[in-house]
Amino acid sequence: MTSINTEIQDYVERNIIPLYDRFDKAHRRDHVRMVISQSMDLAAQMDVDADMVYVIAAYHDIGLCEGREHHHEVSARMLLADNELRKWFTESQLHTMAEAVEDHRASSDHAPRSLYGRIVAEADRFIDPDTIVRRTVQYGMEHYPELDKERHYERMVQHLREKYGRGGYLHLWFDHSPNAERLEILRQIIDDENILKKKFEEYYGM
């Protein structure tokens, strides 16, 4: 991983990463650490500030504390409100970072406004087919407990098709990202109802 200021890393590890413990199973520490790792891998190939990339990735979902619908906006506000970050970053850097956090959402109606936004958006879209299907099932079970098994399956299929399917709203931002190949594998799973049902049965009730 690209070198990060140890003071920043210590602060984030003590005060920001633990916030993810309160979120749904699809957005806990394993998720934020994956986004950080993928962000840093992308940053290593580009002329960007590694500390900024690290903080953007760490803060990108903390707004889930106020719900999912506007979490990207809340995350951006929380980053700007964290005065501890002013020990290491200028106001200009902080605003760039907040924009990047706000722009990470896959369903955003505009492209990320900076390279930093594209990095975290791409990292948050890390395409691992099995993980995505599992997280989709887990999210549905946690947030829609009133649904029966058949309705959970229908919700899962609808979400996967709308976001990851051919013509879905998910965008990839880097041609060299390994996400493109993995997205095609996921789309093949989505297109095959037998495989999709088998995976749903595997994850339902976990």
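Asp124 is buried and yet has no salt bridge. Buried means under 20% relative accessible area, while exposed means over 50% and partly exposed lies in between (1.4 Å probe, protein chains only). A salt bridge is a side-chain nitrogen of Lys or Arg within 4 Å of a carboxyl oxygen of Asp or Glu. For Asp124, the nearest side chain of opposite charge is that of Arg125, 4.5 Å away. In this count of charges, Lys and Arg are positive and Asp and Glu negative; His and the chain ends are not counted.

Asp124 lies in helix 6 (residues 115-124). Helices (H or I, at least four residues) and strands (E, at least two) are DSSP runs, numbered from the N terminus. Leaving aside residues up to four places away in sequence, Asp124 touches His31, Val35, His60 and His104. Contact here means heavy atoms within 4.5 Å.

## Where the model comes from

The model is predicted: local features need pLDDT of at least 70, side-chain atom pairs count only at pLDDT 80 or more, and totals for chains, interfaces and linings use all residues. Residues are numbered from 1 along each chain as its sequence is written, and side-chain values use heavy atoms, with hydrogens and water left out.

## Overall form

The protein has ten helices and zero strands. Read from the N terminus, the order of elements is α-α-α-α-α-α-α-α-α-α. The radius of gyration is 17 Å, close to the 17 Å that the globule rule gives for 206 residues, so the protein is as compact as a globular protein of that length. This radius is taken over C-alpha atoms, and the globule rule is 2.2 Å times the number of residues to the power 0.38. Along the principal axes, the C-alpha atoms fill a box of roughly 55 × 35 × 30 Å.

Of the 206 residues in the protein, 49% are buried. Among contacts with a separation of 6 or more, 65% are between residues 24 or more positions apart. The protein exposes about 10,400 Å², and carbon and sulfur atoms supply 44% of that area. Accessible areas come from the Shrake-Rupley method with a 1.4 Å probe; for residues, only the protein chains shown count as cover.

## Salt bridges

How many salt bridges does the rule give? The count comes to 13. One of them joins Glu13 and Arg33, whose closest N and O atoms are 2.9 Å apart. Glu13 lies in helix 1 (residues 6-15) and Arg33 in helix 2 (residues 29-43), so the pair ties together parts that are 20 residues apart in sequence. Both ends are partly exposed: Glu13 has a relative accessible area of 29%, and Arg33 has 36%. Asp21 and Arg29 also meet in a salt bridge, at 2.7 Å from N to O. Asp21 is partly exposed at 41%, and Arg29 is partly exposed at 31%.

Another salt bridge joins the side chains of Glu201 and Lys149, at 2.9 Å from N to O. Glu201 belongs to helix 10 (residues 193-203) and Lys149 to helix 8 (residues 149-164), so this pair ties together parts that are 52 residues apart in sequence. Glu201 is partly exposed, with a relative accessible area of 46%, and Lys149 is partly exposed at 35%. Elsewhere, salt bridges that share partners join Glu99, Glu102, Asp103 and Arg113 into one network.

## Aromatic pairs

There are four aromatic pairs. Rings of Phe, Tyr and Trp (its six-membered ring) pair if their centres lie within 6.5 Å; planes under 30 degrees apart count as stacked, over 60 as edge-to-face and the rest as tilted. Tyr20 and Phe23 form an edge-to-face pair, with 5.4 Å from centre to centre and 75° between the planes. Tyr20 is buried at 0% relative accessibility, and Phe23 is buried at 5%.

The ring centres of Phe200 and Tyr204 are 5.2 Å apart and the planes are at 35°, so that pair is tilted. Phe200 is buried, with a relative accessible area of 3%, whereas Tyr204 is partly exposed at 28%. Ring pairs link Tyr153, Phe200 and Tyr204 into a cluster.

## The buried side of helix 4

Which residues of helix 4 (residues 71-81) are buried? They are His71, His72, Val74, Ser75, Ala76 and Leu79. What covers these residues includes helix 3 (50-59) and helix 5 (91-102).
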